Amino acid sequence: MDRVRSAFNGVMRSERYSRFTLQPSENGERHAEVKLSEDDVVEEHDSPSFRLAPPQQNRRSLIFLVLAAMLLLLFGFIVGYATSSKHQAEPPVCNQTTQSSETARTPAPTKVQPADVPPQLSWKDLTKALADQLTKETLQKTLGTLDLKSRSAGSVEDISLGNRIFEQFAALQMNPWTDVHYVQLQKPDRTRPNQVLFGSEVFKPRGFLAYSATGRAQGRLVYANYGRQTDLDLVEKIVELNGSVLLIRAGNFSFAEQVENAASRGASAVLIYPDVEDFNLNDDVELYGHVHLGSGDPYTPGFPSFNHTQFSPTRSSGLPKILAQTIPAKTAKSLFKQIGGPVASAGFKGKFTSVTYSLGGVQNITVEVNNQLVNTEIHNIFGVIKGFSDPDRFVVLGAQRDAWGPGYAKATVGSSVLLELAKAFNAMVETGGFRPRRSIMFASWSGGEYGSIGATEWLEGYMSSLDKKAFTYISLDGMVMGRGSLIASASPLLHSLMEDTMKEVEASKFIASGTLYDVMGGARWEEKVMRPMAVDDPAYPFMAFSGIPSVSFHFITNDAEYYAYYGTLLDNKDHLNYQTNQHTSEIAAMAARFAGQMALRLVHDHLLSLDVSRYVGVLTRDVSRVYKRVRTLSQSGTLNGVSPDWLSRAQGSFQRAAESIRSAVQNTDVTDPEGCRILNDRIMTVEHCLLSPYLSPVETPFRHLVFGRGNHTLASMAASTDMEALRTRLALATWNLQSCSNAMMGNIWELDNQI
């Protein structure tokens with residue numbers, strides 16, 4: 001090639017030559033402009049012009065021009081041949097799409113890969129490489145190194161463990177960084193312990209509920225089962241609840257919701273105990289938890305607790321105004337022996353054999369809570385494997401690092417899986433030829449036991465940009481609680497991804513043979529596996545506060561809904577090994593493969609594996625309930641001048657927008673990076689646009705129209721009794737849903753008369 005170029009240049013230098021450029025004419029056609037050598041140019045009025053050459057010189061020029069054109073054609077042919085050969089040596093482009101779970105075609109093995117081009121990997125190659133990295137041996141080793149006797153948030157052990165994780169990320173060249181927050185944690189006062197006085201007995205429990213109101217409260221002791229609204233309705237028909245102290249058994253839902261329900265009925269305090277029917281624990285086991293009906297630092301609601309933020313003291317609307325305290329089972333037995341009053345119905349009776357379950361309402365009891373706020377420094381640790389096409393888009397894999405005691409199931413397993421996934425993906429990139437299109441972020445949170453404080457403070461700190469960059473959160477907390485069953489909670493956008501992954505990941509042989517999909521119910525897997533996402537789920541603030549699709553899952557003992565040792569000092573290695581029949585590391589490896597393969601799909605495919613159509617059924621169900629409620633109120637004359645038709649039309653717009661995205665997914669050329677990015681932008685708007693823009697995150701942090709908490713949700717409107725408030729909420733919900741539909745359509749000029 002160099003010789004040809006040299007010969008061509010030699011010819012050109014030996015003769016005068018002309019240079020051709022194509023210039024557009026006024027009528028749009030293109031013509032050749034001939035620029036002669038400087039000798040042919042004369043100056044006239046200080047501007048260049050061209051003079052005609054003699055006829056003989058024109059013929060010489062024509063000959064050289066023909067020769068130059070032939071040489072140019074020859075030169076172009078040689079360049080084209082060389083380029084074509086180069087392309088044939090390169091591997092074919094993977095055309096894997098988001099919605100397909102089929103194995104991509106493997107390049108022919110006879111192709112020789114250039115030294116600087118990594119071999120093309122099929123989907124089967126990638127999943128096998130990931131599974132090979134996540135073995136029971138590697139998990140068992142990491143579980144051993146991260147097993148601690150104590151790891152409370154902000155403690156020396158917590159900070160030290162965070163530093164170890166930081167060093168691991170650094171060794172993997174993951175550019176680790178630390179996110180520091182200064183938060184208010186409520187802890188017992190060692191000099192003034194909390195206590196319960198009943199008759200002549202004084203009880204001083206060691207367990208506590210963070211963020212309880214403090215002080216002293218007295219009232220009649222009343223037993224209220226789990227403290228659900230239905231339970232309180234039944235008790236209130238028999239016993240006065242206003243000013244009472246409610247005795248409630250743990251389970252079914254969060255401590256915070258139990259306390260909120262009690263406060264709504266005028267109770268002055270709540271005592272929560274573990275009944276043997278729900279928790280197979282010794283009588284003296286203490287319970288720990290928090291009662292903030294929210295997440296994050298409750299004294300910086302809606303904004304981060306960075307040390308450079310100087311705000312006046314603010315209280316979260318989710319902080320309780322009444323006292324709350326846990327008591328062990330043996331204390332609850334003593335209270336039941338003296339409570340008196342009517343005998344409870346069969347549905348209220350637990351399994352204490354030596355007591356009578358009575359409703360009480362006869363004798364007074366005194367509760368004293370002396371917890372104190374402690375300003376605490378906590379560290380979140382991050383590492384990242386950057387994507388090769390869209391590095392500014394990322395999936396987040398996160399696990400809390402702290403716990404009330406050993407926290408083996410709550411924190412050790414998740415943190416171990418987090419590290420092993422980081423190592424696995426790093427190895428796949430460094431030595432396995434994997435090139436993720438998007439980035440993978442690994443996060444180790446602190447303050448999880450106090451209500452996902454570390455994670456929520458991070459979300460608050462970067463609220464304005466995270467929804468445009470973080471497209472999914474996968475929680476690794478509590479992944480292993482037992483063996484035999486799987487329960488999960490997730491945004492509807494992730495249901496299809498979960499199903500596809502379950503079909504590909506083999507179940508541990510210690511559970512059953514076959515894929516997770518086969519073992520967990522096949523076509524009816526959602527009915528068996530999926531649960532509504534609870535407010536105390538570590539993935540909840542990502543979805544309901546920040547509008548990031550999120551998922552959490554737990555392998556658990558058959559027929560169980562929660563792990564008995566959560567929130568106790570007995571959450572240790574021995575108890576989890578008992579629940580897994582000594583196969584914790586094997587089940588942890590399977591859980592890691594399940595989480596890792598979901599993340600792998602999200603960063604590998606050209607189009608995001610978020611199925612917008614899954615939201616259509618959810619919204620149709622909820623809008624239908626509101627529609628029926630409003631129609632009933634209108635027909636009865638209770639609500640006048642209000643029609644639910646506009647809300648129904650907005651739901652129809654959402655359905656058409658979802659269909660538009662589905663059609664675009666099927667028709668988009670996945671080899672077009674810009675086209676894929678535009679479509680992915682539309683997909684990423686869905687979850688965040690379902691957050692109500694009309695609410696303050698300080699007063700109502702969980703603003704999600706479907707899965708949030710507050711009067712703005714569709715579920716709340718379907719049960720509303722406040723007619724004036726319903727008018728406004730219905731209008732705001734209608735436009736919230738319509739605005740989401742508009743955003744999903746993409747370009748503003750494509751909205752008119754379409755949705």
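1. Beyond its neighbours within four places in sequence, L476 contacts L397, G398, A399, G414, V417, L418, L421 and A595 (contact: heavy atoms within 4.5 Å). This is a predicted model, where local features need pLDDT of at least 70, side-chain atom pairs count only at pLDDT 80 or more, and totals for chains, interfaces and linings use all residues. Numbering runs from 1 along each chain as its sequence is written, and side-chain values use heavy atoms, with hydrogens and water left out.

2. L476 also belongs to the largest nonpolar core, of 170 residues. Y223, F425, F442 and F553 join L476 as the residues with the most contacts inside this core. A nonpolar core is a set of buried Ala, Val, Leu, Ile, Met, Phe, Trp, Tyr and Cys residues joined through side-chain atoms within 4.5 Å. Buried means under 20% relative accessible area, exposed over 50%, partly exposed in between (1.4 Å probe, protein chains only).

3. Helix α17 (residues 584-604) gives the most to this core: 13 residues. Helices (H or I, at least four residues) and strands (E, at least two) are DSSP runs, numbered from the N terminus. Another core lies apart, with 24 residues, including L293, W445, F542 and A544.

4. S354 sits in the loop between α8 (329-338) and β14 (360-369). Is S354 buried or partly exposed? S354 is partly exposed, at 48% relative accessible area. Not counting residues up to four places away in sequence, S354 touches K333 and K337.
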